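Subject: Structure handover

Hello,

The structure is placed below, followed by notes on what turned up in it. Please read the notes with the coordinates open.

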Amino acid sequence: MIYRESGQFKTSYRADQAIFPIPQDRYALFALLAFAFIAVPLGANDYWLGSILIPFLILSLAALGLNILTGYCGQLSLGSAAFMAVGAYAAYNFQLRLPELPLLLDFLLAGLVAAAVGIVFGVPSLRIKGFYLAVATLAAQFFIEWALTKFGWFSNHSASGVISPQPMTILGYTLTTQADKYLLVLGIVSVLALLAKNLVRSATGRAWMAVRDMDVAAEVIGIRILHTKLLAFAVSSFYCGVAGALWAFAYLGTVDAQAFDLNRSFQILFMVIIGGVGSILGSFLGAAFIVLLPILLNLLGHLFGGAVRQDVLSNLELITFGALIIFFLIVEPHGLARLWQITKEKLRLWPFPH
Amino acid sequence: MTATSRNIGSTLLDVRNITLRFGGVKALTDISLAVREHEICSIIGPNGAGKSSMLNVINGVYHPQEGQITYRGVPRRRMKAHEAARQGIARTFQNIALFKGMSVLDNLMTGRNLMMKTSFIQQALRWGAAEREELEHREKVERIIDFLEIQSVRKTPVGRLPYGLQKRVELGRALAAEPSLLLLDEPMAGMNLEEKEDMCRFVLDVNDEFGTTIVLIEHDMGVVMDISDHVVVLDYGKKIGDGAPGEVRNNPEVIAAYLGTSH
């Protein structure tokens with residue numbers, strides 16, 4: 001009832017293939033974007049922008065990258081954080097050594113460097129699959145972390161191995177406030193999300209999914225398996241690389257290789273699993289769940305937990321968080337995105353049963 | 001319908017002295033067969049006779065140790081599966097090999113991936129050429145959807161479709177590639193009579209309307225004898241019969257393979 005689409009007829013394939021074929025969805029997205037681009041930077045304080053929304057958006061981007069590889073192409077990876085690290089260190093070095101390059105080009109090049117590294121570590125995927133591939137990508141995780149710490153050149157020989165990028169400047173305007181940084185991150189994430197969506201509904205995305213679902217059949221209809229898998233590794237690592245660069249430049253400001261350790265890789269993988277494997281929206285929902293829910297629980301704890309001791313309270317938060325993860329995975333193993341899709345399908349008919 | 005009215009042409013596929021071994025096991029021994037343009041050729045034989053292996057050799061999944069395959073006058077010894085696809089050979093599988101997570105429409109569109117020329121960057125931007133290409137191919141795919149009468153399920157993930165429809169979608173995916181040679185591995189296995197009749201009609205229509213050459217493996221002798229121009233019989237990896245359905249039916253070796261002989 002609420003979500004009525006009767007009377008909406010599509011008369012062209014173009015209309016049928018739109019990202020949001022139903023106008024209500026389209027308006028909702030425009031409203032959300034307007035809210036995120038206009039209302040949030042005006043209304044939110046620095047804590048919300050700098051400590052919650054910026055990391056949420058950046059991790060969404062990394063989850064999106066991993067989702068392209070794992071969700072769409074079916075190649076399990078535990079090296080996402082390593083590719084983020086490559087992006088962060090590459091952007092830092094481009095800014096340091098080629099200061100005449102504009103900042104956005106630094107990010108783009110950083111993404112490309114991460115993509116190249118991703119291709120190298122993607123080569124084993126031709127021979128090994130599933131959990132075995134995940135273990136092979138661990139090599140990327142450990143090797144890159146080690147290399148960035150071991151060779152001083154990457155961190156410009158800083159004694160502690162820490163990199164501190166210069167302030168971000170775009171067209172002579174230096175981004176100083178959290179709102180500026182938030183808008184930059186939001187802009188990059190929005191554009192890259194749109195590109196990813198286009199990619200997965202094109203021939204490239206279909207080739208990825210074909211390799212994921214049935215690789216022999218994919219080869220028989222003319223898809224080159226190695227090429228397809230390596231492209232997925234490249235695009236995925238590009239997204240992770242850009243996310244890593246933003247992590248260093250827009251969020252932390254000072255970062256070392258340990259910020260991109262195996263825990264981060266797992267965190268991104270959990271986002272993908274909880275949000276929805278093979279869903280662009282799921283990457284955002286998963287990141288929201290992992291980043292925002294603990295904060296929400298913390299707030300609730302402080303609101304209602306006046307009588308409980310502080311250490312008990314923080315443990316209670318962790319317990320609730322874990323329980324919620326299990327709850328959502330039991331309710332819908334295909335993730336929050338699928339849950340949302342089912343809700344929409346139900347709303348089309350509600351309150352009627354059929 | 002006589003053979004001449006369907007304009008059966010010269011040899012399209014010529015398989016010569018193929019031998020395929022897996023370790024010490026000979027799956028195919030010295031097999032030769034020829035398929036002419038626009039004909040329907042059936043490969044029959046008891047289980048384990050090497051029928052599926054034969055198809056796998058033709059479209060490059062298996063690489064025979066000996067022998068030569070000439071397709072459209074070009075001889076080759078070995079070929080990768082995606083190269084065979086590029087030459088216009090499409091196939092379906094005995095156990096359905098659809099892309100389960102994708103919709104019917106996407107499965108069929110994937111069948112046309114080979115013909116899509118835009119780069120992934122253009123596709124990411126979905127500007128101009130990439131979108132035009134996508135819409136053009138969508139139109140071609142919709143024609144196949146109409147032809148196979150699966151309009152109502154075009155947006156359904158194939159995993160949720162019943163078996164008979166999945167078989168039909170798989171045929172659709174092979175057709176989407178506009179093949180000149182279509183290999184069908186047991187297209188009617190596990191179907192009821194009505195579904196079989198539908199499938200026969202589609203196979204004959206494909207052959208008739210698009211002029212596609214078809215090589216099919218089938219166990220239902222009624223179907224085979226009815227629709228084939230040419231039947232090849234394999235047993236234990238050897239060819240024991242080859243000819244028009246009538247000839248093959250009366251071939252003593254074929255009868256022996258199917259019914260057994262008294263010793």
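How many salt bridges does the rule count over all chains? The count comes to 21. Before the details, note that this is a predicted model.

One of those salt bridges is formed by the side chains of Arg21(B) and Glu66(B), with an N to O distance of 2.8 Å. The pair links distant parts of the chain, since Arg21(B) belongs to strand β1 of chain B and Glu66(B) to strand β4 of chain B, 45 residues apart. As a general point, side chains of opposite charge can pair when their charged atoms come close.

The four-stranded sheet of chain B

Strands β1 and β4 also meet in a sheet. It is an open sheet of 4 strands in chain B, ordered β2-β1-β4-β5, and its pairing is antiparallel. β2 (25–36) and β5 (74–76) of chain B each have a single partner strand and stand at the edges, so one side of each has no neighbour in the sheet. From one strand to the next the twist averages 15°.

Within this sheet, β1 (residues 11–22) and β4 (residues 66–71) of chain B run antiparallel and are joined by 5 bridges. Two of the residue pairings can be named. Thr19(B) has Glu66(B) in β4(B) as its bridge partner, and Glu66(B) is also the residue that makes the salt bridge with Arg21(B). Leu13(B) stands opposite Tyr71(B) in β4(B).

Tyr71(B) has a bridge partner in β5(B) as well, namely Val74(B). β4(B) and β5(B) pair in the antiparallel sense over 3 bridges. Their hairpin has 2 residues between the strands, and Arg72(B) takes a positive phi there, near 55°.

The six-stranded sheet of chain B

Chain B has an open sheet of 6 strands too, in the order β6-β7-β8-β3-β9-β10, with mixed pairing. Here the edges are held by β6 (89–91) and β10 (238–243) of chain B; each has a single partner strand, so one side of each is left without a neighbour in the sheet. The twist in this sheet averages 15° from one strand to the next.

β9 (residues 230–235) of chain B runs antiparallel to β10(B), and 5 bridges join them. In that pairing, Val231(B) stands opposite Gly243(B) in β10(B).

Helix α6 (residues 163–176) of chain B touches β6 and β7 (181–185) of chain B, and its direction makes about 160° with that of β7(B). Helix α7 (residues 193–209) of chain B touches β3 (40–44), β7 and β8 (213–217) of chain B, and its direction makes about 155° with that of β8(B).

The interface

Chain A and chain B bury about 3,000 Å² between them, with 59% of it on carbon and sulfur atoms. Arg206(A), Val220(A) and Ile221(A) supply 24% of the area that chain A buries against chain B, more than any other three residues. The contact takes 30 residues from chain A and 37 residues from chain B.

The rule finds 4 salt bridges across the interface of chain A and chain B. Arg206(A) forms a salt bridge with Glu134(B), and their closest N and O atoms are 2.9 Å apart.

A nonpolar patch on chain A

What makes up the nonpolar surface patch of about 730 Å²? It is made by Tyr27(A), Phe30(A), Leu33(A), Phe37(A), Ile38(A), Leu42(A) and Leu183(A). Helix α2 (residues 23–43) of chain A gives the largest share of the patch, 6 residues. Phe30(A) is found in helix α2 of chain A.

Regards

Terms used:
Residues are numbered from 1 along each chain as its sequence is written. Chains are lettered from A and ligands numbered from 1 in the order in which they are written. This is a predicted model: local features need pLDDT of at least 70, side-chain atom pairs count only at pLDDT 80 or more; totals for chains, interfaces and linings use all residues. Side-chain values use heavy atoms; hydrogens and water are left out. Two strands pair if DSSP finds at least two bridges between them. Axes are lines fitted to C-alpha atoms, for helices over the stretch in contact, and angles run from 0 to 180 degrees between N-to-C directions. Patches are made of residues with over 30% relative accessible area and no salt bridge: like charges are joined within 9 Å, nonpolar side chains (Val, Leu, Ile, Met, Phe, Trp, Tyr) within 5 Å. Accessible areas come from the Shrake-Rupley method with a 1.4 Å probe; for residues, only the protein chains shown count as cover. Contact means heavy atoms within 4.5 Å. Buried area is the accessible area (1.4 Å probe) that two parts lose on being put together, summed over both.
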